[in-house]
Amino acid sequence: MSRFKRSNPFSKVNNDTGFGANVTNNGGRYINRDGSFNIRKEGMPAWERFSIYHSMLNMSRWKFFITIILTYFSINLIYTFIYLLIGPQQLQGLTATTSWQLFKEVFYFSTETFTTVGYGRVNPIGDAANLVAAIEAMSGFLSFAVATGLIYGRFSKPKSYLVFSKQALISPFRDKTALMFRFASYKDKHVLTDVEIQVNIGLKLQDNPDKDATYKYFNLPLERSRVENMPMNWTVVHPIDEQSPLWGFSVDDMIFADVEVYVLVRGFDDTYSSLVLQRTSYTFQEIIFHKKFVPMYRESDEEQTTILELHKLNELFDVKL
């Protein structure tokens, strides 16, 4: 039978996270490792919930370009079938002798019309084909305008360019232990300033044996919650003392309490003169004991600069608690 920890009365409760407290209505983690919220919305039509522009701005780079390419070919295939349905006799200059050659010629004519290149060997002569070609040319102008706007929006969108360690650790810290994780700025010549971090934790607790367990959320006091500049890595440390909601927690306690640590980092990007932020989280499966982080920077061989070794972000070594 599951057992639950009681909340530490000295810990500061945070009721402003925006997450629910009902244990039975919550599924999985709240925040994915990439910072997106693990939420699926229902109850309204898909076209009301879905934003093409917002999705295209936020999808990964390879998905974005594949979507652009597939959209381009899909539109031209649709127009190709429309031209074939109207009849090849409405297009002048076709030299195809087989069905496949005819399809290819009409498809290439469609791409030339859509992009307004218009090489000139094949051209419309019927009213229906001219009307379709006029609509296609207009849709081509509009499509390239939208694509240009999306590409500009993606390139001009400020980003934090932070990468987080895969695990958070419970490690020795001074005369006690601490929850710690680290992150680093991975882009050359990109430095955030006035960086602040806020860390909260969600726990499934049962303060009263006569009541059901509920999720409670607590602020985690940090050894340091702000740095002026972020050129390297930052190991974030929450000392586990008598005021910590994790005081007295074992590995099993974390599993029973369904622990999830929520991280929010804000910083000023002077390149874009804009505030940027990034979220992530660590669940109890991603919090490990008896490990510490390997140092990830060193002096260069010529002793003239500091080298940040990003490949060591997730390297650990064993320690005794």
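Which side chain meets Glu309 in a salt bridge? I began with this pair in what is a predicted model, and found that the partner of Glu309 is Arg298, with 2.8 Å from N to O. The two residues lie in distant parts of the chain, 11 residues apart, with Glu309 in the loop between strand 15 and strand 16 (316-318) and Arg298 in strand 14. I then looked up their accessibility: Glu309 has a relative accessible area of 10% and is therefore buried, the cut-off being under 20%, whereas Arg298, at 36%, is partly exposed. I also noted that Lys312 is linked with Arg298 and Glu309 in a network of salt bridges.

Next entry, on the other salt bridges. I recorded a count of nine salt bridges, and from these I looked up the pair of Glu223 and Arg174, whose side chains meet at 3.4 Å, N to O. This pair links distant parts of the chain, since Glu223 sits in the loop between strand 7 (214-219) and strand 8 (226-230), while Arg174 sits in the loop between strand 4 (168-173) and strand 5 (176-185), 49 residues apart. Glu223 is partly exposed at 36% relative accessible area, and Arg174 is exposed at 67%.

I turned then to Arg226 and Asp194, which form a salt bridge with their closest N and O atoms 2.8 Å apart.

Next entry, on strand 10. I asked myself how many of the 10 residues of strand 10 (residues 260-269) are buried. Eight of them are, so I wrote the strand down as largely enclosed by the rest of the structure. With strand 6 (residues 192-205) I found antiparallel pairing over six bridges, and in this pairing Ile197 stands opposite Val265 of strand 10. With strand 11 (residues 274-283) the pairing is again antiparallel, with 10 bridges, and Val261 stands opposite Tyr282 of strand 11. Strands 10 and 11 form a hairpin with four residues between them, and in the turn I noted Ser273, which has a positive phi of about 50°.

Last entry, on surface charge. I located a negative surface patch formed by Glu299, Asp301, Glu302 and Glu303. Of these, I looked up Asp301, which lies in the loop between strand 14 (297-299) and strand 15 (306-308) and is exposed, with a relative accessible area of 74%.

Definitions and conventions:
Residues numbered from 1 in each chain as written. Predicted model: local features only at pLDDT ≥ 70, side-chain atom pairs only at ≥ 80, totals over all residues. Heavy atoms only, no water. Buried < 20%, exposed > 50% of the residue type's maximum accessible area, 1.4 Å probe, protein only. Pairing = 2+ DSSP bridges. Patch = residues over 30% accessible without salt bridge, like charges linked within 9 Å, V, L, I, M, F, W, Y side chains within 5 Å. Areas by Shrake-Rupley, 256 points an atom, 1.4 Å probe, with all protein chains shown as cover. Salt bridge = Lys/Arg side-chain N within 4 Å of Asp/Glu carboxyl O. Lys, Arg positive; Asp, Glu negative; His and termini not counted. Charge placed at Lys NZ, Arg CZ, Asp CG, Glu CD.
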